[in-house]
Amino acid sequence: MEALKIEEIVKKVLLEISSKTETADEQYGIFQDMNDAVEAAWHAQKQLVKFNLETRGKFIEAMRKEARKHVELFAKMAVEESGMGRYEDKVLKNIVAIEKTPGIEDLRSEAYTGDDGLTLIELSPYGVIGAITPTTNPTETVICNAIGMIAAGNTVVFSPHPSAKNTSLKSVEILNRAIVEAGGPSNLLTTVSDPTLEQAEIMMKHKKVNMLVATGGPGVVKAVLSSGKKAIGAGAGNPPAVVDDTADIEKAAKDIISGCSFDNNLPCVAEKEVIVLDSVADYLIFNMKKHGAYEIKDADVLNRLQALISDERGNPNRDFVGKNADYILSKIGIDCDPSTKVIIMEVEKSHPFVVGELMMPVLPIVRVKDIDEAIALAVKVEHGFRHTAIMHSKNIDHLTRFAKEIQTTIFVKNGPSYAGIGVGGEGYTTFTIAGPTGEGLTSAKSFARTRRCTLVGGFSIK
């Protein structure tokens, strides 16, 4: 689609959604009250389980096919509504979510046979899942969760982040329409037209919601883990990128800038700080600047930047989360080329930019004397989130040691961080990365119960 046409469609869609005082789309999952949304999802799940697995797969393929038609709309709406990220990167994230999220093929059965008979292990649905989604990935998380959760036989009640509610609601509507047109039940996905904390609490406490999945910060993860229900938590991260003296420095510099700048650093997998051996630090910085980094050297300028984008406790200023690097620099009086991707600076290891997650294209660099100091510091600043870490090295011992000590869910070696979620790297993707609860990169089997069926003394043909 042409850019102008997309802009016009986005404005029209946002206006239509925001102007609705009464929901006319209950068939397609959007309700005014959370209790109604849960009830509809509960009834829809009873219908869903009557369809065989092959038919369920057809519903998922219909969702993929329809969502592909709207990736540009999703990306534009997300940037327009949330004010965060980059359109072209959001297009890519939506495509990856659509194409690389596992479906019914992820549900593998096991069988044990012998003299005592047959035991079958299969995966069954939980029922209704309540899913809390973030403003950083308002459609990607909906798409990803919808595919995996429906594949496992569940229905989903979404509680979107209010800052991107219209974008999330639009994706829920589009996916539901695709399912209905493919012959499936209405309301396999539901949500509310005005998501609030109160509505989210109703969802979390509702007796017909059997499982909760939260994608967001520590607060929302803590809330679902305290609910008393089966819960999956995908929390925050502060991924360090370590560069040793055996790395391909030119490639490492390019990869780090690519990963850090991807969607303006909104993904929790993105490089948040660089820890580099002193012997190669200058050459790394030189090459980072060749690939779109703007370096701040003056201490006064750095102080102005710090005061602008973070508070006295080091927490990020939400006004600058996910904003372009040139926009941030302009607010401290620096004019630079719009192609600038990342703002870099050398700092001490205790600097707030190092120890806190900013979620903006601002990348602190810390020099260390040797690999021992590099690994120790990386483990410290990752804070035990067990989310993501990156290392650039050709030394197998260094790579192995760091992987064992950092214990992250994702460990990317010699590539940009996003390779760990299947963008330019092998494997499936997800936008719900469950470090706190241990499921890791979630997929359909993460949203299914393991059940055992045993036939004693029969059906063995050995």
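This is a predicted model: local features need pLDDT of at least 70, side-chain atom pairs count only at pLDDT 80 or more; totals for chains, interfaces and linings use all residues.
View 1. Helix H16 spans residues 396–406, and its buried residues are His398, Leu399, Phe402 and Ile406. Buried means under 20% relative accessible area, exposed over 50%, partly exposed in between (1.4 Å probe, protein chains only). The four lie on the same side of H16, because they cover an arc of only 95° around the axis. That arc is taken from the directions from the helix axis to the C-beta atoms. An α-helix has 3.6 residues a turn, so residues three or four places apart point the same way. Helices (H or I, at least four residues) and strands (E, at least two) are DSSP runs, numbered from the N terminus.

Residues are numbered from 1 along each chain as its sequence is written. Local features need pLDDT of at least 70, side-chain atom pairs count only at pLDDT 80 or more, totals for chains, interfaces and linings use all residues, and side-chain values use heavy atoms, without hydrogens and water.

**View 2. The cover and the opposite face of H16.** Strand S9 (240–243), helix H15 (371–382), strand S14 (388–392) and strand S15 (410–413) are among the elements covering the buried residues. Contact here means heavy atoms within 4.5 Å. Exposed Ile396, Asp397 and Lys404 sit on the face turned away from the buried side.

**View 3. The two ends of H16.** At the start, a side-chain oxygen of Asn395 comes to within 2.9 Å of the backbone nitrogen of Asp397. Gln407 follows H16 and has a positive phi, near 55°.

**View 4. Thr119 in strand S3.** Strand S3 covers residues 117–125. Thr119 is buried, at 12% relative accessible area. Its side chain makes a polar contact of 3.1 Å with that of Thr454. A polar contact is a pair of N or O atoms within 3.5 Å; within protein, one must be able to donate a hydrogen and the other to accept it, and residues adjacent in sequence count only if both atoms are side-chain atoms. Not counting residues up to four places away in sequence, Thr119 touches Glu110, Ala111, Tyr112, Arg452, Cys453 and Thr454.
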